[in-house]
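Thank you all for making the time; I would like to walk you through one model, slowly and with the criteria stated as we go. Please have the sequence and the coordinates open while I talk.

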Amino acid sequence: RYWRDWSSDVCSSDLFVHGLFGFDNIGPFGYWYGIPSALTSDGAKVYITSVSAANSTEVRGEQLLTQVKQIIAATGAAKVNLIGHSHGGPTARYVASVRPDLVASVTSVGGVNKGSAVADILLKVAPPGSLSGAVITSVANAMASVISWMSGSSSLSQNVLAAEKSLSTAGSATFNSLHPDGVPTTACGEGAYSAHGVSYFSWSGSQPYTNILDVLDPMLALTSLAFAGAKNDGLVSSCSSHLGKVIRD
């Protein structure tokens, strides 16, 4: 509600950016769980963007930037609001950093803004150049390609290793040194609410296991062990998800 109240004052469109292994729709399954249609019924102009299911933040960011330019040209909107989930958070931040004149706001939903302990562990147990790393990367790249093909984005490049590096603590720190807007300077605080004309918001979940009917929850309960007791959603810690004004975590 806070974000909608603010963005309603701006002549803009709302663009959704999926995370790792994400998509728009595959058959009857929608990645965004009906949120775009709810916003549309409330009068928003909503667009679901398509970026690589797995690749570096910069590659995904350039793919998103191309779509931002296309949507602005087609709609005449002054700027866009970017809503990024998981890896979509840093992806949206990249666009806001390199072209702040095109972006009204970035809202990070469970965004990996300071890295993920899960990515750190994957890089450690299956390092680049190892047999285990090669096997995992090959399988994951194939899965990402299938996801993109099923969602109608088969032409997008996939690189799981690049995604892992981007989502790691070290990779995120490097990215943040180049694109710092909205990132908290303290371990678990808030970041600047606005920078270079772009407003920053974030919210996230903090429970990896919430529903016995959700087939992903057992996996998230397992991966949550990587955070050593810190509040997390199974893939990112609450503190790492903070960006700009923290609506809730």
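Let me begin with S108, which, leaving out residues up to four places away in sequence, touches G84, G89, N113, F201, S202, W203, S241 and L243, where contact means heavy atoms within 4.5 Å. This is a predicted model, in which local features need pLDDT of at least 70, side-chain atom pairs count only at pLDDT 80 or more, and totals for chains, interfaces and linings use all residues. Residues are numbered from 1 along each chain as its sequence is written, and side-chain values use heavy atoms, with hydrogens and water left out.

S108 sits in strand β6, residues 103-109; helices (H or I, at least four residues) and strands (E, at least two) are DSSP runs, numbered from the N terminus. S108 counts as buried because its relative accessibility is 0%, buried being under 20% relative accessible area, exposed over 50%, and partly exposed in between, with a 1.4 Å probe and protein chains only. A polar atom of the S108 side chain lies 3.4 Å from the backbone nitrogen of G111. For such polar contacts the rule is a pair of N or O atoms within 3.5 Å; within protein, one must be able to donate a hydrogen and the other to accept it, and residues adjacent in sequence count only if both atoms are side-chain atoms.

How confident is the predictor? The protein averages a pLDDT of 92, and 96% of the residues score at least 70, pLDDT being the predictor's confidence in each residue, from 0 to 100. Over residues 1-10, however, pLDDT stays under 50, and for this stretch the model has 20 contacts beyond four places in sequence. Where pLDDT is low, the predicted coordinates should not be read in detail.

Next, two further buried positions. D14 belongs to strand β1, residues 12-17, and it counts as buried because its relative accessibility is 3%; its side chain is joined to that of N81 by a polar contact of 2.9 Å. S52 lies in the loop between β4 (46-48) and α3, is buried with a relative accessible area of 0%, and, apart from neighbours within four places in sequence, is in contact with H18, R60, Q63, L156, S157 and Q158.

Which residues of α7 are buried? They are V160, A162, A163, E164, S166 and L167; since six of the eight residues of α7 are buried, the helix is largely enclosed by the rest of the structure. The cover over these buried residues includes α3 (57-75), α5 (117-125), α6 (131-150) and α8. At the N-terminal end, α7 is capped by N159, a side-chain oxygen of which lies 3.3 Å from the backbone nitrogen of L161.

On a 1 Å grid over the protein atoms alone, a cavity is a set of points where a 1.4 Å probe fits but cannot get out, and lining residues have an atom within 4 Å of a point; grid points are joined across faces, edges and corners, and a volume is the space filled by probe spheres set on the points. The count by this rule is two cavities of 30 Å³ or more.

The largest cavity has a volume of about 50 Å³, and among its lining residues are H18, F23, D24, S148 and L156. The second largest cavity, at about 40 Å³, is lined by residues including T57, H87, R93, N113 and F175. At least two lining residues of this second largest cavity come from each of α4 (88-98), α7 (160-167) and α8 (169-178), and the largest share, three residues, is supplied by α8.

I will finish with backbone geometry. Most residues other than glycine have a negative phi, and most peptide bonds are trans. Y33, however, has a phi near 55°, a positive value in a residue other than glycine; Y33 lies in the loop between β3 (29-30) and α2 (35-41) and is exposed, with a relative accessible area of 77%. H196 has a phi near 50°, again a positive value in a residue other than glycine; H196 is in the loop between β7 (194-195) and β8 (198-203), and is exposed at 62% relative accessible area.

Key. 1 Å grid on protein atoms, 1.4 Å probe; cavity = no way out; pocket = protein on both sides within 12 Å on 5 of 7 lines; lining within 4 Å.
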